[in-house]
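Biologist: I have a model open and would like to learn how to read it. Please take me through it feature by feature.

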Amino acid sequence: MEVMLTVEGLEKAFKDKQVLKRISFDVRKGEIMAILGPNGAGKSTTIRNIMGIMYPDAGSITFHHHNGKDIPRNKIGYLPEERGLYKNVKVMDILLYLAELKDYPLDKAKERALMYLKKFDLEGKEKVSIEELSKGMGQKVQFISSIIHEPELLILDEPFSGLDPVSQELFKEEIRNLANNGTAILLSSHQMNLVEEMCDRLFMIQRGQKVIYGTLDEVKTEYANFKCTIHGKNQINDLERIPQVLRVEHEDDRSILYLDKDVEPTSWLKNLPESIQIQELKINRISLHEIFIDIATDKNLIQEEGEVLA
Amino acid sequence: MRNSMKIAKWEVKRNMKNKTFIVGLFLTPIIIVAFMFIGTLFGDDTEEPEQTMVFVNDQLDIFPILQEAINQSGYNWEMHVTDIEESEVNAELDGSENTAYIFIDDRALETSTVPVYMSEEINQFFINQVQILESPIKTMQMAELGISDEELAIVSSSIVFEDASMEETATEETAPSDAESSTESLERMIPGAFAGFIMISIVFTGMAIFQSASQEKKDKIAEIILSSVTPAELMQGKIIGYFVLGIIQTIVSIVIVLPVLAWRIDFPIMEYLFVPELALLIGIAILGYLLFASIFVGIGATMSDISTAGNFQGLVMMLPFLPFVFIGPVLSDPSGLWAQIGTYVPFTSPGVLLLRLTVLEEWPWVEIAISLAILIVSIWIFMKLAGKIFKVGILMYGKNATPGEIWKWIRA
């Protein structure tokens, strides 16, 4: 796949605090690349540096298919985290204004605006003033404004925040569509379930540093080991003695056993000691959500800085 | 620059579609016209005081002569002959307004006194006005004394003290040129006042930049806009856009106010308005706008909301009013120290310069040049500073920047 954007060794400090440390990744045509991380990890800062809203202290940002040093603003769609629209302006007016700023032909913009308004259940709202829209409707208009000019690269900072599940689905579907049509998409989020369902690759960041970078499948095989949840009265020491158990979380009658990466679930289950009491047993992979929580809370589930190269 | 023009166009369009702006657009000149009318209403009041009723108890058959004297003087008196007794006058005056009783009888001829009874409410100048009756009575008095007409003419003519020194001719010569210079000063005044009006109009409209910048932060659209244009382009676009709005405001005001002015004032305004000097005066007005606009846009970007403006921001808002402090000193001495200080301080120089050029007969070209140079350099500096402040400030949500922070951005 063609690489659209390369970020290399990005560094940024606010006052004495280093908020980005050697951040490197790329975004390719037709893929959804997710930047994940807890609040304050540096997601928005990374994106703002890409957009030229902030300037990095070190590192380079390269837009391929573009000559010259400046940012090809007309080819990028951007939905910032802190977003809003002029209050006392009509929906169509603002969409056309933002398209005009991107040098997109107005007649085509109008056509696309109407098409997307219809798609997002906002048909007939083009002459309504922004302040009369609900928050969700406003977010849909913002989303339309970021894609109205058919960008080659779409950067979405927390696109799902504040949306109801129906709208979330709508957004998800549209983002997937755009990717399938060849748009390179970089999105940041902390809603793991959504990201897990849609992204091709992900970059997890914590305290300005890369924690995980790779395709979703790679990340899952690498980090999403099996875990076994057992309900029953057991001694923590007994459980820890079971082979291939890395770590045990014990709480009342419930124990979670984190298993080795190379574990074969069937043979492992066969080898369970008979002394263990089992009321209920569940074996599944650690979800992206749990990896995320672990990183955010510094449980060090991932012992060392992992790296999976895509 | 192309992006700046797009933003300027948008700002104009957005405001022109805004009801509040439209109302303000027409209300401003209408208020000016209204005040003009109120002014003339009060003016009429002082020019034409109420009529005074004057009753004359005439024992000497002098009434027709008195009547004629009053008619010639143009006093607004209504005179009547009465035969009321002096003892009844007080009762008669009680409760009446603007009324006076004059008793002309032998006392006038013998002791030269004429009793005048006035109501409590009466024109304050009445007792002065009544002096005009002195000469007809005096004439009669002398005629009674048996002075011949020739003698009478000599006695009643007043003595003129003629100034016979060398300057006499000189004053006679300057007299006509005095009149000339008064029309000249009007000629100067009109373009000056016009340019001053334009400046006030665009600077005040420009104050909305302030709100526009902070509103953009409040609505959180700044970052979306900045994904398409650079902060410098956004800032320039705003400055140009509000300049156009200011000009629209000026044109609307002129279209409404000028016909009224031309109708009220009997003076060929148009003839004196379009003189070459107007170009320089308008140039000064525009420079004034650019200076304040760059300050406003920078400061506007540091505030999250206009209602939370801190002392510092409030102080900056007051800058355009600074020239008003200089009006007094400059008018009393247009070339004095204060006028010169005002000319060289960038915040006051557009206003003070316009005022001085309006009042002064001879334009101090050197001072104008220095002051314009200072003004242009300060505009350049303030644009740069505003650009730095704007770039950081416009993306800072939820709080006002402190002067310390602003200083840091400027140094960055």
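Biologist: In which sense do strand E1 (residues 52-58) of chain B and E3(B) pair?

Modeller: First, the ground rules. This is a predicted model: local features need pLDDT of at least 70, side-chain atom pairs count only at pLDDT 80 or more, and totals for chains, interfaces and linings use all residues. Residues are numbered from 1 along each chain as its sequence is written, while chains are lettered from A and ligands numbered from 1 in the order in which they are written. Now the general idea. Strands of a sheet pair through backbone hydrogen bonds, either parallel or antiparallel. Helices (H or I, at least four residues) and strands (E, at least two) are DSSP runs, numbered from the N terminus. Two strands pair if DSSP finds at least two bridges between them. Here, E1(B) and E3(B) are parallel, with 6 bridges. Within that pairing, Asn57(B) has Phe103(B) as its bridge partner.

Biologist: Which strand runs antiparallel to E3(B), and over how many bridges?

Modeller: That is strand E4 (residues 116-118) of chain B, joined by 3 bridges. Look for Tyr101(B), which faces Tyr117(B) in E4(B).

Biologist: How many residues of strand E3 (residues 99-104) of chain B are buried?

Modeller: Count neighbours. A residue is buried if 20 or more other C-beta atoms lie within 10 Å of its own, exposed if 12 or fewer, and partly exposed in between, with C-beta atoms placed from the backbone. In E3(B), 5 of the 6 residues are buried. For chain A as a whole, buried residues make up 35% of its 310 residues.

Biologist: Why is Asp61(B) classed as exposed?

Modeller: Because Asp61(B) has 9 other C-beta atoms within 10 Å. Gln244(A) has 17, so it is classed as partly exposed.

Biologist: What is the strand order in the open sheet of chain A?

Modeller: The order of its 6 strands is E5-E6-E7-E3-E8-E9, with mixed pairing. Strand E5 (76-79) and strand E9 (209-215) of chain A are at the edges; each has a single partner strand, so one side of each lacks a neighbour in the sheet. On average, neighbouring strands are turned by 15° against each other, direction ignored. Axes are lines fitted to C-alpha atoms, for helices over the stretch in contact, and angles run from 0 to 180 degrees between N-to-C directions. Inside the sheet, strand E3 (residues 32-36) and strand E7 (residues 184-189) of chain A are parallel over 5 bridges. There, Leu36(A) is opposite Ser189(A) in E7(A).

Biologist: Which residues have the most contacts inside the largest nonpolar core?

Modeller: A nonpolar core is a set of buried Ala, Val, Leu, Ile, Met, Phe, Trp, Tyr and Cys residues joined through C-beta atoms within 7 Å. The largest has 127 residues, and Leu95(A), Ile185(A), Ala293(B) and Val297(B) have the most contacts inside it. Helix H13 (residues 277-300) of chain B gives the most, 13 residues. Leaving aside residues up to four places away in sequence, Ile185(A) touches several residues, including Ile32(A), Leu154(A) and Ile175(A).

Biologist: How many residues does each chain bring to the contact?

Modeller: Chain B brings 16 residues and chain A brings 20. The largest share of chain B's side, 4 residues, comes from H1(B).

Methods:
Two residues are in contact if their C-beta atoms, placed from the backbone, lie within 7 Å.
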